[in-house]
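Dear colleague,

I am handing over a structure for your study. Please look through the sequence and the structure below before reading the notes that come after.

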Amino acid sequence: MKTYRIATIPGDGIGKEVIPAGQQVMQALAQACGTFAFEFENFGWGGDYYREHGVMMPADGLDALRGKDAILFGSAGDPDIPDHITLWGLRLKICQGFDQYANVRPTRILPGIDAPLKRCTPQDLDWVIVRENSEGEYSGVGGRVHQGHSIEAATDVSIMTRAGVERILRYAFKLAQSRPRKMLTVVTKSNAQRHAMVMWDEIAVQVSKEFPDVKWDKELVDAATARMVNRPATLDTLVATNLHADILSDLAAALAGSLGIAPTGNIDPERRYPSMFEPIHGSAFDIMGKGLANPVGTFWSVVMLLEHIGEPAAAQRLMAVIESVTANPALHTGDLGGKALTGDVTQAVCKALA
Ligand code: NAD
Ligand code: K
Ligand code: MN
């Protein structure tokens, strides 16, 4: 029997609630399928580790993750530590250290979810947003001079490389090609950002020639937000920069009903390193420690993990169970207007799997 080695990193806030729930569901699924097993190693990195050691994860942390088949991640973000420290010290360290350059974010309206777009049916909203995950606005290059003085100046330099743009666009075209509608929208802001974004547009034209069967178009990011709301059915696969796709995908999650449902994968398509799967939400300071967190985003992330490691049947089985659970309003957590707790939803999923 195949045994997959999975690293779990709950991190902070509700990450510590939804990741154990995800692990429970994975155990139940492995038991139900009976054809594979998981061997988990849990890493207690994050805010608590920072308070004790002054860093979010140990210097040799990436080495400990290197041999894993995949990583299941919760959230980095602690009310008492600046967000740029928690984010750069853990999540971005892993994403960049393992060159997980494709961040993939599916969005659908699951059964039973009361999504805010009233004229939109679940058939109208079925998107995958591909986010460039290794450079761009989140390159970490920049600085501050004359800090605190009236003449202070600060920069965050957005670095886009031809190689980086080409590989993410190729990934997005390939993904679009694999979906039934074979449609891709390339989102940029090439009217205002006249250097790197113009290069994106040019490379898109070039890469598109490798995918003659993919219908593709361009959209400016501000117009893309309006199109998501007004004409959702005209979109299928979208690709955008690190910052733009970060913002678009939170909007997408909200349009599909809740941030608590949405999953993502930080993927190294070349499989040189383990890829990392996580709900798109953060630590949710306002609800942490109360058992109120919606674990569905984590469960759907597990579905993506299963597809990535090569267990598509198990992925389908779990997705069907997730949909049967969202279809039942008695199993909706507070973000969906219900009263269910993290544990209720988790138990229902495990029971349905058995
Ligand atoms: P957030 O996603 O933590 O929360 C935004 C809102 O959505 C809150 O009202 C929260 O209660 C709600 N929410 C989020 N997930 C939910 C769930 N599973 N169930 C029910 N409700 C849910 O975003 P934020 O408030 O901007 O950030 C809080 C912290 O998390 C910050 O430190 C931020 O840097 C960090 N963060 C980390 C990641 C990551 O690790 N990938 C992502 C986003 C934010
Ligand atoms: K997260
Ligand atoms: Mn985000």
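The notes below describe the overall fold, the packing of helices and the surroundings of the ligand.

This is a predicted model, in which local features need pLDDT of at least 70 and side-chain atom pairs count only at pLDDT 80 or more, whereas totals for chains, interfaces and linings use all residues. Residues are numbered from 1 along each chain as its sequence is written, while chains are lettered from A and ligands numbered from 1 in the order in which they are written.

The protein chain contains 11 helices and 12 strands; these are DSSP runs, numbered from the N terminus (helices are H or I, at least four residues; strands are E, at least two). The chain has a radius of gyration of 20 Å, close to the 20 Å that the globule rule gives for 354 residues, so it is as compact as a globular protein of that length. That radius is taken over C-alpha atoms, and the rule is 2.2 Å times the number of residues to the power 0.38. Along its principal axes, the C-alpha trace spans about 55 × 50 × 40 Å.

Helix 1 (residues 15-33) and helix 11 (residues 342-353) pack at an angle of about 10 degrees, with their axes 9 Å apart. Axes are lines fitted to C-alpha atoms, for helices over the stretch in contact, and angles run from 0 to 180 degrees between N-to-C directions. The two helices are therefore roughly parallel to each other (angles under 35 degrees count as roughly parallel, over 145 as roughly antiparallel, 65 to 115 as roughly perpendicular and the rest as oblique).

The axes of helix 9 (residues 296-309) and helix 10 (residues 312-326) come within 8 Å and cross at roughly 160 degrees. Helix 9 and helix 10 are therefore roughly antiparallel to each other. Their contact (C-beta atoms, placed from the backbone, within 7 Å) includes Phe 299 and Trp 300 of helix 9 and Leu 318 and Met 319 of helix 10. By class, this contact of helix 9 with helix 10 has 12 nonpolar, one polar and one charged residues. Here Ala, Val, Leu, Ile, Met, Phe, Trp, Tyr, Cys and Pro count as nonpolar, Asp, Glu, Lys and Arg as charged, and the others, Gly among them, as polar.

Ligand 1 is surrounded by 23 residues (C-beta atom, placed from the backbone, within 6 Å). The closest are Gly 77, Gly 260, His 281, Gly 282 and Asn 294. Helix 4 (residues 83-97) gives the largest share of this shell, four residues.

Yours sincerely

Methods:
Two residues are in contact if their C-beta atoms, placed from the backbone, lie within 7 Å.
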